[in-house]
Amino acid sequence: MFNDRKQKQTGKFVLPAVGALTLAMAVTFGYATVAQAQMQASITKPALRTEYKSSGSISLDNSIDWNNGNRKISVSLRDSDLKQTLRMIADKAGLNIIFHSSVGGTITLDLVNVTLNDAFKMIMQASDLSFFIDKGTLVVMTKEASLSSDIGKQNMMTIPVKYADSSKVAEFLNSNVFSTNRPGLSNNKIVVTNPVTNELIIFGTQNDYKMAQKIVSKLDVAPKTISYRVNHTTPKEMATLICQSLFPNATMGGATTGKTGGSSASSGASATGGSATGGASSLGSGSSGSSSGSSLGSSSSSGSSGSSSNSSKDIALGEGKVACMIKGDVSANSLKSLSGTSLTVTYFPQKGTINITGGSDSQAEMIKDFIKANDKKQPQAYVEMQIVELSENGSKDFQNTWTLLTPFFSGRFDGNSGLTPYNNGSQSAPIFFTGGPFNTVTGSTSSVDGNGNTTTSDVVTEYFRYHGKNTVAWTVNYLIKNGKGRLLANPKVMVTNGKESVIDLTSDYIKTTDEEILTSGLGTSAAGVSRTYELGEDSGISVHLTPFISPDGYVTLNLSPNYATIKEQVMSPSSSGKGNIIAATLLQRRNLELSNIRIKDGETLVLGGLIQEEERKSVAKLPILGDIPYIGSLFRSTTTSNTKNELVIMITPHIIKDTEDVASESENL
């Protein structure tokens with residue numbers, strides 16, 4: 001009884017101990033599980049590579065439709081006669097067999113558990129043989145013999161091509177499938193086209209026809225045409241950016257598409273999703289009879305994609321232009337690509353859309369993401385400019401004029417002409433030592449009458465001797481001039497981020513003048529003068545500015561103000577002898593090149609200090625008398641002039657914010 005009670009007590013202690021141990025193990029296992037889960041969660045799993053889905057494959061080893069073709073066989077031969085081996089296989093397949101005279105030789109093989117079809121193909125390839133089956137009869141010949149044989153060209157069959165260019169498809173089949181010594185297929189170029197109906201014409205066997213059908217079904221697929229609407233940039237800029245950024249090796253195009261192209265049927269899908277329509281321009285030059293759905297408006301019977309050159313610079317309604325084309329033609333040994341354009345980027349300026357014709361779904365998605373990321377609203381600013389030129393000039397003119405009248409000498413001195421003989425208008429009074437007045441011929445003039453006759457007359461100058469009272473006269477001329485001027489230009493312009501704007505306030509002027517003397521029909525006399533004027537266009541103010549508008553409310557400007565005025569015009573005598581002509585025009589320029597000028601929205605930047613100052617002083621005097629101290633000033637003439645110009649430029653930008661921008665800033669706050 002004691003033992004029984006002890007056992008019961010022991011059982012009472014054992015059960016709690018076992019429960020506690022179980023609980024401890026559960027807790028420990030739980031912590032371990034949590035720790036393992038945390039450890040696994042802390043390990044970053046590598047991104048799995050995207051699996052590319054195959055669009056399907058076509059076996060170019062022609063399947064042989066004969067009895068027991070899938071029957072498994074095992075065979076081992078050593079230097080066995082090739083004809084006997086092929087005869088055995090034909091017998092197993094229940095076919096008649098004919099050997100060309102070129103077939104011969106032996107073969108060694110060990111095949112275990114392979115189908116009758118595979119065994120036959122491997123023997124044909126190893127022996128460099130060609131074959132075809134016609135009405136239960138197997139015809140075997142060497143590759144060289146098949147090139148000159150017409151046995152397999154007994155049938156003419158046609159395959160219609162809907163979208164692709166049949167000539168490009170025929171070239172692809174002849175280069176890559178036929179004439180390549182593939183078992184069961186013709187070893188000659190057997191595919192031609194009917195361009196009127198865009199069909200393939202096969203001169204071969206039924207196996208050739210079936211293989212061509214399989215390949216055409218893969219290649220003759222209508223490419224997609226997706227239209228994206230561009231909202232904040234021009235279609236031309238976006239299309240060019242797509243071509244240069246995503247397809248740098250593309251051929252840049254400038255062709256003009258048809259005005260009624262099928263691209264207009266895509267209903268202008270936005271950049272977040274394009275609509276797809278049929279088209280044929282990416283394969284060759286398009287289907288001959290399918291004009292609907294072609295992205296470039298194909299409508300001609302020769303399969304043209306609808307692109308045509310446009311000599312006019314005007315943009316017609318619905319007219320589009322090709323930005324670039326991708327041509328992925330590649331050759332690998334004897335293999336050639338299917339010729340044609342794989343992807344075409346076209347833009348329509350008036351519709352504001354970009355069309356993508358051809359290409360893969362991944363390329364279309366890439367272009368859509370690119371447009372979405374780059375078709376952003378460009379910030380604009382309103383720039384006020386004030387260009388002020390302040391000019392100040394002054395002059396002081398002090399002139400002394402002496403006049404001396406005597407019977408022996410009559411003359412005049414001033415600061416401009418110096419010492420000159422006295423002249424009363426029509427007569428001149430030189431220095432007389434003896435004698436009296438006289439006349440002399442100093443030149444001649446000629447004139448042409450209405451009959452073309454030239455008359456020459458002398459120019460006579462009269463010299464007289466003064467007989468009045470002896471006279472000495474002194475005249476003083478003292479003049480002070482002051483002037484102030486102000487030239488103001490106040491242009492206001494709307495500028496776009498990153499785009500250059502030009503303010504042109506210039507005027508035309510005559511730079512040079514050329515003369516040509518015209519002669520009469522007899523060439524003996526002058527009939528007139530022809531003058532040709534060269535015009536300049538840069539006199540005045542012009543400003544080139546490119547803004548960069550930042551989100552923080554600042555405008556950074558690249559500024560190039562140019563200011564030019566006419567300083568002097570150089571004159572030369574006219575060829576006609578009458579007057580002067582402009583030989584050259586000299587400009588006075590003040591140009592600036594300013595980069596990265598940062599101005600806060602609404603504040604004004606003042607550019608000054610462009611000062612030009614000029615001072616001149618000229619002195620004319622009588623020799624000896626003008627150098628005498630104090631009284632020498634009476635025999636001197638002095639002219640002093642001073643000119644000062646200053647150019648001031650004031651710039652005030654105002655960033656334009658529309659309702660959407662203000663709402664966006666409020667949401668961010």
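A crossing of two helices is called left-handed if the near helix is turned anticlockwise from the far one by less than a right angle, and right-handed if clockwise. The model shown is predicted, so local features need pLDDT of at least 70 and side-chain atom pairs count only at pLDDT 80 or more, whereas totals for chains, interfaces and linings use all residues. Residues are numbered from 1 along each chain as its sequence is written, and side-chain values use heavy atoms, with hydrogens and water left out.

**View A. Helices H5 and H6 make a right-handed crossing.** Helices (H or I, at least four residues) and strands (E, at least two) are DSSP runs, numbered from the N terminus. Helix H5 covers residues 166–176 and helix H6 covers residues 206–219; they pack at an angle of about 130 degrees, with their axes 11 Å apart. Axes here are lines fitted to C-alpha atoms, for helices over the stretch in contact, and angles run from 0 to 180 degrees between N-to-C directions. H5 and H6 are therefore oblique to each other, given that angles under 35 degrees count as roughly parallel, over 145 as roughly antiparallel, 65 to 115 as roughly perpendicular and the rest as oblique. From H5, Val-169, Phe-172 and Leu-173 meet Ala-212, Ile-215, Val-216 and Leu-219 of H6; contact means heavy atoms within 4.5 Å. By class, this contact of H5 with H6 has seven nonpolar, no polar and no charged residues. Ala, Val, Leu, Ile, Met, Phe, Trp, Tyr, Cys and Pro count as nonpolar, Asp, Glu, Lys and Arg as charged, and the others, Gly among them, as polar.

**View B. Cys-243 and Cys-324 form a disulfide.** A disulfide is a pair of cysteine sulfur atoms within 2.5 Å, and a search of the whole structure finds one. The sulfur atoms of Cys-243 and Cys-324 are 2.0 Å apart, and the link is left-handed, with -80 degrees about the S-S bond. Cys-243 lies in helix H7 (residues 235–246) and Cys-324 in strand S12 (residues 321–326), so the pair ties together parts that are 81 residues apart in sequence. Cys-243 is buried, at a relative accessible area of 0%, and Cys-324 is buried, also at 0%. Buried means under 20% relative accessible area, exposed over 50%, and partly exposed in between (1.4 Å probe, protein chains only).

**View C. Thr-85 is a buried residue of helix H2.** Helix H2 spans residues 82–93. Thr-85 counts as buried because its relative accessible area is 3%. Leaving aside neighbours within four places in sequence, Thr-85 is in contact with Leu-77, Ser-80, Ile-107 and Ile-123.

**View D. Helix H3 packs its buried residues against several elements.** In H3 (residues 116–126), the buried residues are Leu-116, Asn-117, Ala-119, Phe-120, Lys-121, Ile-123 and Met-124. Their packing partners are S1, H2, S3, strand S4 (129–134) and strand S5 (137–142). Just after H3, Asp-128 takes a positive phi of about 55 degrees.

**View E. Asp-79 and Asn-113 have positive phi values.** Most residues other than glycine have a negative phi. Asp-79, in strand S1 (residues 72–81), has a phi near 50 degrees and counts as exposed at 58% relative accessibility. Asn-113, in strand S3 (residues 106–115), has a phi near 55 degrees.

**View F. Asn-231 sits in the loop between strand S9 (225–229) and H7.** Asn-231 is exposed, with a relative accessible area of 54%. The C-alpha atoms of Asn-231 and Lys-377 are separated by 8.0 Å, although these residues are 146 residues apart along the chain.
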